Amino acid sequence: MTAVAAPHRRRGRDLVRDLVARGALTEQRLIGVSLMRVIMGLAAVWFYVSDIGRRQLLWGPDAIVSQGVARSELGRGQFSLYLFTDSQSWFELTFFCGLAIAVCITVFGGRTLSVLHAVFILSIYLRNQLVTEGGDNLVSIVILLFPFTLNNAYLAVGAGKRRERLRQRRAVPSAKVLIHNWACALILFQVSVLYVTAGMWKLIGSVWRDGQAMYFISADPQFSTTPIFSDVMSYAPVGWAVCWFTIVIELVFPLAILCRVALVRKAEVISLEGMHVGIMVFMGLVPFGMIMIAADCLALRDQDYLSVWSKAASLQGRWPAARQLKSSSMGADRDGVRHRPGVDHPRPAARGAEHPHRRCAHPPGPADRPATSTTPRPGTTLGCVEPTKPGNPSIAVAALDSETTWGLPLVS
Amino acid sequence: MLATPEARRDATSQVERGAGDDANPAPGRWLVALAGLLAALAGTYVVTCVIYNLPASVSGTEAHAASKAIMDPYIQQNWMLFGPIPTESQHQMLMQVQFAGSGAITPPVDIESPLDALPSANPVLPSKLPSFPMALKRRFAQYAASETRISREPEPARSQDAAATEQLYRNDKIVLQRFLSAEAAAYYPAQVISGVRCSFTEQADPPFNQRDLPEGTVQTRYLEYQTPWISYITGVGQ
C-alpha cells in the first residue's frame, strides 16, 4: 500500500512545488500594477487638492462633521490621524503630509510609501465619511493590498534599474514574488466582485432593465455636466443600449480577464475605460472615473500592454521608438527565442541552438509551452515561438525591457 | 547510483524537464509553506467576501453576520453605489435663517443648487461639497419616513421607537446643524444669527413616457420634511 502511495505522494508534492515555483518565479502584471499606482496616486492628489481651500470645512478641527461625530462613526479597530487631537497645527501637518505622500507615491511608488499612503488616505476618508464615494470604497480596500505588490517596476523614478535587478535575481523563486502575485490576484478578485455585484444590482433594478436608468440619472443636475447628455439619454434606443452595455460588460468582467484570448481582455478593458471616461465627462465624476480606470488597468497582462505599445509605435513610424524597433533584430535572440517582455531575462542558447530549423532553441520536451503562457515552469526555457520575422511588429515586444522612455520600455 | 527505480524516475523527470533546472531550482520548503499560508488567507478572504456580497437570504443570516463582523472594520464593501437605482424625483434643501435681536426670518433660500453647480463650474478641481446635501437629503428622507411610521404606532411602542430613532439619527442632526450654520454664515456674514431651519422638498421628474412634454407641465414640488428651529453654531469651518 505504502509502495503504491509513495509515487502518488511524490507526484502530488512535485505538482505543489511546480505550482509554487510558477507563482514565485516571475512577477505578473507589473505594468498594470504600476499604472494602477500612478492613476490612484493622481486621484488621491486630486482628492486633496480639489478642496484644499475648503479643507477646514471638510476635515478641519471645526469641520461640518465634528470630531466627536467622526469618532463615533469609526468602526472597531479603525483610526484616523486627524482625530488624534483638535490642534490646528496637527491638522495642517497631517493634511499636507498626506498630500506630499500622495505625490510621492505617484512619482516613486514602493512598499514603504504604499504603507504611508494607506495610513494617510484612510485617515482622511475616516475623518469625513460623508464626502467619500464608491471609488473611495474601492481604494480603501485596494490600498491595504498595495504594499504587498511591486508597484514601481514601471512608470516610476528608477524603474529601469529596478527591472534590471529583477532580471538578475529571477532565476530563483522568492517569497517577494509570491506575495506580489498573491496580492495582485486578490485585487483582481476584489475588482471582479465589485463589477459582478454592480451588474447584479443593475440587473435587478427595473429602470436598468427597461433602459430608463440613464434618463433619470441624466435628469439629475448634480450628475449631468451638459444638457446634451440628458437630451441624448432621452432618446430611448440610446438609453436602452447604454444601460444594457453597462450591465453586460460588468457581468462578464471576471470571465473576460481570465480569457486566454488577448483580444477579449483588451476589448473588455477598452469597453470599461470607455464607460468610465463617459462617467467622467458627462457625469462629472472625475475622481471616481480615475479610480475605476486604475482598477481596470490590472486586468491586462504585461504582454497585452507591450503588444499594444509596440503596435502603436510601429503604426507611428515617425516615433523614434518605432524606428528603433524596426531596425533592431525585433527583440529575439540569435537563437530565435522570444523572451517574455519585461519579465524574462535573456538566457544563453541552450542545447539545440545549433538547429535553426527547430522552433525551440532547446530540444522540445513535455515541459515546453507556447510563448503566450504567463508563467514559466522551472527548468524550462522560457517561451518558444516562431523564429523572428523581420518587420513583424508583434515580435518587437521581446526586447522591450532594455531601456525606458516614459517609463515604458523601448529598445535602445 | 541510478540503481533504485525511484532514483531512475527522478533522473528521467529531470531530463524531461530540460536543462534549466540548475537555473531555476525548485522552491524550498519554507516557500511552499508560505504559499500554503497565503493560499489559506486568500481562500478565507475570497469565501468571506463572496458571502458578504451575497444576499443574506442566499448565504444564510448567520454566515452573513459573521462575514460582516470580519470585513466591516477595514474591508467594508458597499457596491450598491455602483448599481444605483436612480430616483425618479429631485429633492431640494431650502434654508431659513433667524436673526438675533429683531427676530427677523429670511425667506427660504435654495442652498443646494449653488453647491451642486460647484463641480461644473470648476471641473478640473471638482469640489466634494455637494456630497453634504446629497447625504443629508437621503438620511432625512429616511428620518421623515420613520417619523411618519412612528406617529401611527400605539403609545408604548411609539415612545420606544421614537427614542431609538432619535439615537440613530443623532449624528445626522448634528451634521445638519453645523452644515446649516456654515451656510448661514456664508450667506449672511454681517448678521448676528440665532437660529436656522431647513425644509426638504421633493419634485417628481417627468415620467419617461412624458419626457417630451414642455417643462413645468407635470412637476409639482411639495414639502417632504421641515426641521424645527435649530440653534446656530458659530465658527464652523473657520
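**Reading salt bridges in a predicted model**

Tutor: A search of the whole structure turns up 13 salt bridges over all chains. Keep in mind that this is a predicted model.

Student: What lets two side chains pair like this?

Tutor: Side chains of opposite charge can pair when their charged atoms come close. Now take a case. Arg178(B) forms a salt bridge with Asp62(A), and the closest N and O atoms are 2.8 Å apart.

Student: Where do Arg178(B) and Asp62(A) sit?

Tutor: This pair crosses between chains. Arg178(B) belongs to helix H8 (residues 170-187) of chain B. Asp62(A) lies in the loop between helix H3 (55-59) and helix H4 (67-73) of chain A.

Student: Is Arg178(B) buried or exposed?

Tutor: Arg178(B) is buried, because its relative accessible area is 9% and the cut-off for buried is under 20%.

Student: Which helix holds Arg158(B) and Glu155(B)?

Tutor: Both lie in helix H7 (residues 155-168) of chain B. They are three residues apart, about one turn of the helix. Arg158(B) is partly exposed at 35% relative accessibility. Glu155(B) is partly exposed too, at 45%.

Student: How far apart are the closest N and O atoms of Lys173(B) and Glu166(B)?

Tutor: They are 2.3 Å apart, in a salt bridge. Lys173(B) is partly exposed, with a relative accessible area of 28%. Glu166(B) is partly exposed at 35%.

Student: Which residues are linked in a network of salt bridges?

Tutor: Asp51(A), Arg54(A) and Lys128(B) are linked in one.

Key: Residues numbered from 1 in each chain as written. Chains lettered and ligands numbered in written order. Predicted model: local features only at pLDDT ≥ 70, side-chain atom pairs only at ≥ 80, totals over all residues. Heavy atoms only, no water. Salt bridge = Lys/Arg side-chain N within 4 Å of Asp/Glu carboxyl O. Helix = DSSP H or I, 4+ residues; strand = E, 2+ residues; numbered from the N terminus. Buried < 20%, exposed > 50% of the residue type's maximum accessible area, 1.4 Å probe, protein only.
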